[in-house]
Amino acid sequence: MSIQISPLAESLPVFLKQHNYSAIAVLADANTKRFCYPAIKNFLPKHKIITLRAGEQYKDLTACEMVWQALTDAQFDRHALLIDLGGGVVGDLGGFCAATYKRGIDFIQIPTTLLSQVDASVGGKLGIDFHGFKNHIGVFKLPEAVLIDTVFFQTLPELELRSGFAEIIKHCLIADAAKWNVIRRRDLHQQDWNDLVAHSVAIKKNIVEQDPNEKGIRKVLNYGHTLGHALETHFLADPKRRLLHGEAIAAGMIAEAFIAKRKGLIEIGLLEQIEEYLFSIYGRVNLADADLEPVLTLTLQDKKNRNGEVRMALLDGPGSCTYDVPVTKAEMRRALDYYRT
Ligand SMILES: NC(=O)c1ccc[n+]([C@@H]2O[C@H](COP(=O)([O-])OP(=O)(O)OC[C@H]3O[C@@H](n4cnc5c(N)ncnc54)[C@H](O)[C@@H]3O)[C@@H](O)[C@H]2O)c1
Ligand SMILES: [Zn+2]
């Protein structure tokens with residue numbers, strides 16, 4: 001699988017020339033159809049466009065059925081290509097639909113959000129949410145290619161850019177202390193996105209290639225995600241308090257850095273740096289007493305757990321991370337309390 005970071009005007013025609021597909025469909029959501037599809041439309045031969053409703057709440061089985069039906073109606077065979085044009089929702093869902101349609105057709109990812117460029121499109125995790133559980137049903141399968149072009153950020157809402165930035169911060173914290181020292185001295189608007197996208201993709205790709213099925217080292221990518229995912233899931237049900245993925249992960253990274261500090265894995269100075277920078281970019285998620293128990297219970301649903309015990313990826317130094325560290329409910333409660341006060 002190749003990951004290209006270059007203008008789509010170059011990468012897309014080259015990819016299509018190297019393959020001979022019987023049919024092509026583009027999967028977009030309402031926003032990416034409007035803002036991103038015009039940028040690729042002219043580089044494609046005859047194709048079908050399938051449009052999803054935008055948003056995490058539509059990353060579900062109903063949307064999959066619609067996609068499978070559209071492919072069936074258009075009589076797509078096993079030599080067809082699905083192009084996922086959108087953020088992580090379109091990429092995860094579209095990849096899952098392609099991986100399962102007739103036991104699998106080719107798909108490529110054209111990620112259009114910062115988050116999907118530096119995270120979701122790299123690594124082959126595909127899937128959908130199910131009855132309130134995030135990414136509960138899914139498969140591992142790599143796309144034929146990931147074609148990245150940062151031009152799409154021109155229309156991306158700032159909150160989405162900020163959300164994706166959390167994964168860049170995560171990659172620096174777990175793997176590159178020097179880069180962490182560069183980004184933490186700049187605010188969101190001063191960052192060099194072309195440089196950071198390439199940097200993050202390289203880090204994630206390197207980790208994923210060592211451990212594609214997440215048996216070991218890949219688990220470090222889950223730093224911030226045990227509590228982060230629980231927060232994201234908890235607030236999913238309430239439209240007024242819903243968090244973007246990166247906002248939840250930013251909170252998770254602070255709480256989990258606190259746990260690392262308590263366990264003696266990192267120094268207080270690093271915890272303070274993380275806290276200061278993440279609060280300055282993301283603010284503080286308002287957590288009421290009544291939120292704590294449900295959030296803690298949700299961590300038990302985490303796919304990384306074993307035997308009902310929560311295992312976490314925890315920083316063990318600047319630019320370094322360890323994984324499979326058992327963490328008790330009491331430790332997590334203390335971390336959430338630290339975060340919210
Ligand atoms: N597979 C993985 O390894 C992995 C990793 C991280 C996250 N994810 C998943 O990714 C999803 C989140 O991805 P996301 O943050 O990209 O969300 P998203 O796909 O919902 O996109 C965010 C919003 O931005 C809009 N949008 C996308 N590109 C745009 C553009 N260029 N201009 C204007 N609007 C645009 C979308 O329509 C949507 O409203 C979650 O479902 C998460 O579970 C998967
Ligand atoms: Zn993430």
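This is a predicted model: local features need pLDDT of at least 70, side-chain atom pairs count only at pLDDT 80 or more; totals for chains, interfaces and linings use all residues.
Local features need pLDDT of at least 70 and side-chain atom pairs count only at pLDDT 80 or more, whereas totals for chains, interfaces and linings use all residues. Residues are numbered from 1 along each chain as its sequence is written, and side-chain values use heavy atoms, with hydrogens and water left out.

**Exercise 1.** Describe the contact between domain 1 and domain 2.

*Solution.* Begin with the division of the chain: domain 1 covers 2-154 and domain 2 covers 162-340, bounds that come from an automatic or database domain assignment. Their C-alpha centres are 27 Å apart. Next, count the residues in contact (heavy atoms within 4.5 Å): domain 1 supplies 21 and domain 2 supplies 31. Finally, take the buried area, the accessible area (1.4 Å probe) that two parts lose on being put together, summed over both. The two domains bury about 2100 Å², with 66% of it on carbon and sulfur atoms.

**Exercise 2.** How many salt bridges does the rule find across the interface of domain 1 and domain 2?

*Solution.* Apply the criterion, a side-chain nitrogen of Lys or Arg within 4 Å of a carboxyl oxygen of Asp or Glu. Four salt bridges cross the interface. Separately, E232 pairs with K134 in a salt bridge whose closest N and O atoms are 3.5 Å apart.

**Exercise 3.** Is R103 buried or exposed?

*Solution.* Note that R103, although not a glycine, has a positive phi of about 65 degrees. Then classify its relative accessible area (1.4 Å probe, protein chains only; buried under 20%, exposed over 50%, partly exposed in between). At 76%, R103 is exposed. D324 also has a positive phi of about 65 degrees without being a glycine; at 24%, D324 is partly exposed.

Methods. Chains are lettered from A and ligands numbered from 1 in the order in which they are written.
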